Each structure stands twice: as C-alpha cells, then as structure tokens.
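Please keep the sequence and the 3D view at hand while reading.

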Amino acid sequence: MDIDRRNNVTVTGNLLGRTVVLAHGFGCDQNMWRLTVPALARDYRVVLFDYVGAGRSDLSAFSEDRYGSLDGYAEDVVEVCEALDLRDAVFVGHSVSAMIGVMAAKKAPERIGALVMVAPSPRYVDDEGYRGGFSAEDIDELLMSLESNYLGWSAAMAPVIMGNADRPDLGEELKNSFCATDPDMARVFARTTFLSDSRDDLREVHVPTLILECTQDAIAPREVGAFVHQAIPGSKLVTLDATGHCPHLSAPEATNEAIIGFLEGLQ
C-alpha cells in the first residue's frame, strides 16, 4: 500500500533537523497546522498527514473495522513513521490525536521519542472521580445530532469547539473543515473519539511529554489537563493564554513558543 498517498503525507522544513510529526484532530486536516509549520520549518523536519477520511487522504482506504477504534489510527501513524523511516521523532497531536500518539509511541517506541499533547482528553465522559466534561447523555445527544444532520451539527458545534466568539472567522473555518469531511467517515471517527477511554494508556508513556491546555476549553476542561499531567510521570503542563479547543489556530504564537521551547529542551 502507498502510505504517502493513503494519508496524503507532506514533508517540509529543515530536512537535516529532528523530525516533528503534526497530527490533526477530529474533523480537521493537516491545513490546521499552517500557522505552526513556518515556526518549525527553519530548524526541524516537519511531517504532516491526513487521517483516512480527512483532507486529501485516499477515501477508498477507509474501513469501519479498522477505524472503529483509536488503535486503527495509531497503526496508521506507525505506518507513516515506518514509510519515512523516522527515528526518535516528536509527535505533536491535537485533541484526540494526542491519545493516538500515546498509542503509536507504545507500538513503535523507536519511532517516537517525545510527545506534545495539544488539548488532550483520554476520556470525554465523566466517571467516578474523573471529570471529562460531558455526561453519557451529553455524548449520546451529540452523536445522535451528528449522525442525523452532520452539516447542521457542524454549523452549531464548530463555534462552541473553537471557543472564540469574538472571532467568528475561526468558527467558520472549523465548520468548513467539518463540512469537508465525508459524513459517514466522520460518524465513525466521532464515535471512536467521544466514546474512547484511554486513561490506562497514559501510564505507558515513558518519553518526554508536553501537555498544552487552554484557560477555557469546552471539549477538554482544565481538570483533564491536570489528570493527564498527573498520570504521565515527568510530564510538563503548560496553560496557554488562549481559549477554545484549537490554540494552534486561535493563539498560534503562544502555542508555537511552548512547542519550540519544549523541542529545544530535548536531548
């Protein structure tokens, strides 16, 4: 299989620098990193890709069996790393991709040597002693709405997820990204994402890890950032001066500064 074609892999930046892999979240594609790439390109080799079903990926490669769990997406990440023969790469994952990166690092520790988790959440549903931000009923309603009227769901939810009401252009961009995603594939990815519980996987992280959270985030509240930080020994938690769930779009300067500071501190 042509992995580059399947995942629309792009390689840019300093080809002699350490590799940084940028992974998008649900309903997005690699274009969401466009404000981060220039900040990294001088010193780092930057790898971008689209998950199957997103962006310019090969839609014919989609399989509900494979992508009905986060493990399938993690396998894709490992296969991208293998195709490029990456060693000791830094995986930067936004939202659900943060947990996909955790799984990929466990599968292929020689490929991924550090993690940056941007607005991560190992579980979205509240549990005893854990606040994920949503009740089980909330998630059921969210998924029912998404499955019955994906375009309407996208228009309603994008501004909430983006969380910058004074900058409606950002919410509009996220809505357009959602709407560009195949609805049937989005349905599978949404269920995979919002019903996942990856809390136990956090204990398996043994690489340098940076966790980035926002001051207000409707999808991943600060209790989640604190939980992830506590669960990963030696991790660093940074609260960005940013609101919403997509700080790489709403506050790119602060996000890039935090990522580059972490990269510079790696051996």
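The axes of helix α5 (residues 136-148) and helix α8 (residues 183-194) come within 10 Å of each other and cross at roughly 175°, where axes are lines fitted to C-alpha atoms, for helices over the stretch in contact, and angles run from 0 to 180 degrees between N-to-C directions. The two helices, α5 and α8, are therefore roughly antiparallel, a label for angles over 145 degrees. The model is predicted, so that local features need pLDDT of at least 70 and side-chain atom pairs count only at pLDDT 80 or more, while totals for chains, interfaces and linings use all residues. Residues are numbered from 1 along each chain as its sequence is written, and side-chain values use heavy atoms, with hydrogens and water left out.

- On the α5 side the contact is made by Ile139, Leu142, Leu143, Leu146 and Glu147, and on the α8 side by Ala186, Arg187, Ala190, Arg191 and Phe194, contact meaning heavy atoms within 4.5 Å.
- The residues of this contact of α5 with α8 divide into seven nonpolar, three charged and no polar, with Ala, Val, Leu, Ile, Met, Phe, Trp, Tyr, Cys and Pro counted as nonpolar, Asp, Glu, Lys and Arg as charged, and the others, Gly among them, as polar.
- Helices here are DSSP runs of H or I with at least four residues, and strands are runs of E with at least two, numbered from the N terminus.

**Nonpolar cores**

- The largest nonpolar core has 68 residues, and those with the most contacts inside it are Val77, Met117 and Leu174; such a core is a set of buried Ala, Val, Leu, Ile, Met, Phe, Trp, Tyr and Cys residues joined through side-chain atoms within 4.5 Å.
- Helix α4 (residues 96-107) gives the most to this core, with eight residues.
- Apart from this core lies another, of 24 residues, among them Leu48, Cys214, Ala242 and Leu263.
- Leucine 174 touches Cys28, Met32, Ala158, Ile161, Met162 and Cys246, when residues up to four places away in sequence are not counted.

**Buried arginines**

- Arginine 6, found in helix α1 (residues 3-6), counts as buried at 4% relative accessibility, where buried means under 20% relative accessible area, exposed over 50%, and partly exposed in between (1.4 Å probe, protein chains only).
- The side chain of arginine 6 makes polar contacts with the side chain of aspartate 76 at 3.3 Å and with that of glutamate 79 at 2.8 Å; a polar contact is a pair of N or O atoms within 3.5 Å, one of which, within protein, must be able to donate a hydrogen and the other to accept it, and residues adjacent in sequence count only if both atoms are side-chain atoms.
- Arginine 111 is found in the loop between α4 and β5 (112-118) and is also buried, at 10% relative accessibility.

**Loop residues**

- Asparagine 8, in the loop between α1 and β1 (10-13), has a positive phi of about 50° although it is not a glycine, and it is buried at 18%.
- Serine 95, in the loop between β4 (89-94) and α4, is not a glycine either, yet has a positive phi of about 60°.
- Glycine 244, in the loop between β7 (236-243) and α10 (247-250), is 82 residues from methionine 162 in sequence but 4.9 Å away in space, C-alpha to C-alpha.

Methods:
Angles under 35 degrees count as roughly parallel, over 145 as roughly antiparallel, 65 to 115 as roughly perpendicular and the rest as oblique.
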